[in-house]
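Subject: Structure handover

Hello,

Here is the structure for you to look over. My notes on what was found follow below it.

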Amino acid sequence: MIIHPFAVRICAIGESMEVQLPRKGLKLDPRANEPHRVRFSIRYHDDGITATLTRIHDYDDDDDYFDSLSMRLYDPQTEEVPDFTSTIYVYMGLPDERAPNDTTLIIIHSGACI
């Protein structure tokens with residue numbers, strides 16, 4: 001897993017944006033890392049490197065714009081992609097990593113440096 005920043009400007013629920021993934025084939029966690037209260041639906045384009053994010057949920061019902069977004073990315077060829085609907089989160093100890101807003105149980109990965 002990597003945490004990747006995206007330079008974006010998005011606000012209201014239902015608004016969409018396109019993002020470029022750092023490399024082909026990565027899977028985005030629809031639960032934003034930061035701001036952690038935001039959730040997206042994701043549509044991957046045929047090129048495998050572009051995705052459209054549509055804001056579908058906000059735990060604070062906050063329509064404020066945000067200029068930056070960081071999301072967890074997984075490489076399905078080298079690691080297991082977690083169930084994004086689960087409320088259990090495995091904390092990896094990455095810089096700036098935050099658990100999704102709806103997490104009820106955090107498991108600290110044995111390799112995490114805390």
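**An exposed loop residue**

Asp-96 is exposed, with a relative accessible area of 68%. Here buried means under 20% relative accessible area, exposed over 50%, and partly exposed in between, with a 1.4 Å probe and protein chains only. Asp-96 sits in the loop between strand 7 and strand 8 (105-108). Its phi is positive, about 65°, although Asp-96 is not a glycine. Most residues other than glycine have a negative phi.

**Ground rules**

This is a predicted model: local features need pLDDT of at least 70, side-chain atom pairs count only at pLDDT 80 or more, and totals for chains, interfaces and linings use all residues. Residues are numbered from 1 along each chain as its sequence is written, and side-chain values use heavy atoms, with hydrogens and water left out.

**The chain overall**

The protein chain has 0 helices and 8 strands. Both are DSSP runs numbered from the N terminus: helices are H or I, at least four residues, and strands are E, at least two. Along the sequence the pattern reads β-β-β-β-β-β-β-β. Of the 114 residues, 39% are buried. Take the contacts between residues at least 6 apart in sequence: 59% of them join residues at least 24 apart. Contact means heavy atoms within 4.5 Å. The accessible surface comes to about 6500 Å², and 51% of it belongs to carbon and sulfur atoms. That area comes from the Shrake-Rupley method with a 1.4 Å probe.

**The largest pocket**

The largest pocket has a volume of about 210 Å³. A pocket is an open set of points on a 1 Å grid over the protein atoms alone, where a 1.4 Å probe fits, with protein on both sides within 12 Å along at least five of seven lines; lining residues have an atom within 4 Å of a point. The volume is the space filled by probe spheres set on the points.

Which residues line the largest pocket? They are Met-1, Arg-31, Tyr-74, Glu-79, Glu-80, Pro-82, Asp-83, Ser-86, Ile-88, Tyr-89, Val-90 and Met-92. They divide into 7 nonpolar, 1 polar and 4 charged. Strand 7 (residues 88-91) gives the largest share of the lining, 3 residues.

**Arg-31**

Arg-31 is one of the lining residues. It lies in the loop between strand 3 (27-28) and strand 4 (38-44). Is Arg-31 buried or exposed? Arg-31 is buried, with a relative accessible area of 4%. A polar atom of its side chain lies 3.3 Å from the backbone oxygen of Ser-86. Leaving aside neighbours within four places in sequence, its contacts include Val-38, Arg-72, Asp-83, Ser-86 and Asp-102.

Tyr-91 is in strand 7. It counts as partly exposed, at 21% relative accessibility. Tyr-91 and Ala-112 are 21 residues apart in sequence, but their C-alpha atoms are 7.3 Å apart. Not counting residues up to four places away, Tyr-91 touches Ala-112 and Ile-114, among others.

Phe-6 lies in strand 1 (residues 2-10). At 7% relative accessibility, Phe-6 is buried. Its C-alpha is 7.9 Å from that of Met-71, 65 residues away along the chain.

Ser-70 is in strand 6 (residues 66-74). Ser-70 is buried too, with a relative accessible area of 12%. Beyond four places in sequence, Ser-70 touches Ile-3, His-4, Pro-5, Ala-32, Asn-33 and Glu-34.

Best wishes

Terms used. Nonpolar A, V, L, I, M, F, W, Y, C, P; charged D, E, K, R; others polar. Polar contact = N/O pair within 3.5 Å; in protein donor to acceptor, adjacent residues only side chain to side chain.
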